[in-house]
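I opened this notebook to record what I looked up in one structure.

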Amino acid sequence: MCAIASLSDNLNSPSPFAHVQDLNINWFQKQPNGNDEEILINTFFFFFSNFKFGVSMTMNMSADLQSLFTWNTKQVFVFLAAEYETPMNSLNQISLWDGIIPSQDHAKFWIHTSNKYRFIDQGSNLRGKEFNLTLHWHVMPKTGKMFADKIVMPGYRLTEEYR
């Protein structure tokens, strides 16, 4: 049964879509320890105790992941990551948002969101940094092997100056 399920999932040719727009940098500052920090903040500003430094951003994300669902799909785990290079690492990947899509009915969405996780770089590598926003997904089947893929959305850049 598992082999038949995996085989039928391999015959599916998904065509997911994702787009992030209105990515606004509201402010960008350095932490006292010298690290750059970026926080994606919704229209509500969250203040952490002793938190005074970072980058504030807002964004709108739309996605249509309905084609990832088949008869064998239990759920889909998705996450949006900022990805960039530094002299020390060819890939820096910071998860900004994630979610679980329980059914095909919920797989087409538009959200105005903020990051769930802190965006920190060790050092001053974020100033003027070009980065990609990448939507990753993991399709969790009812039976058989898990499938993962992504959509890379290039062309984002942080400011050169702290403000």
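The entries below concern a predicted model.

Entry 1, aromatic pairs. I searched the whole structure and found 3 aromatic pairs. I noted that Phe77 and Phe79 form a tilted pair, with 6.0 Å centre to centre and 35° between the planes. Phe77 is partly exposed, at a relative accessible area of 24%, whereas Phe79 is buried, at 13%. The cut-off for buried is under 20%, so Phe79 falls within it.

I recorded Trp97 as buried, with a relative accessible area of 12%. Phe109 is buried as well, with a value of 17%.

Which residues touch the most other members of the largest nonpolar core? I found that, of its 31 residues, these are Leu65, Leu80, Leu133, Leu135 and Met153. I also listed the elements that give two or more residues to this core: β1 (17–28), β3 (55–64), β4 (73–84), β5, β8 (130–141) and β9 (147–157). As background, I noted that nonpolar side chains tend to be buried together in soluble globular proteins.

I set aside its neighbours within four places in sequence and looked up the remaining contacts of Met153. They are Ala18, His19, Val20, Leu80, Asn132, Leu133 and Leu135.

Notes:
Residues numbered from 1 in each chain as written. Predicted model: local features only at pLDDT ≥ 70, side-chain atom pairs only at ≥ 80, totals over all residues. Heavy atoms only, no water. Phe/Tyr/Trp six-rings, centres within 6.5 Å; stacked < 30°, edge-to-face > 60°. Buried < 20%, exposed > 50% of the residue type's maximum accessible area, 1.4 Å probe, protein only. Core = buried A, V, L, I, M, F, W, Y, C linked by side-chain atoms within 4.5 Å. Helix = DSSP H or I, 4+ residues; strand = E, 2+ residues; numbered from the N terminus. Contact = heavy atoms within 4.5 Å.
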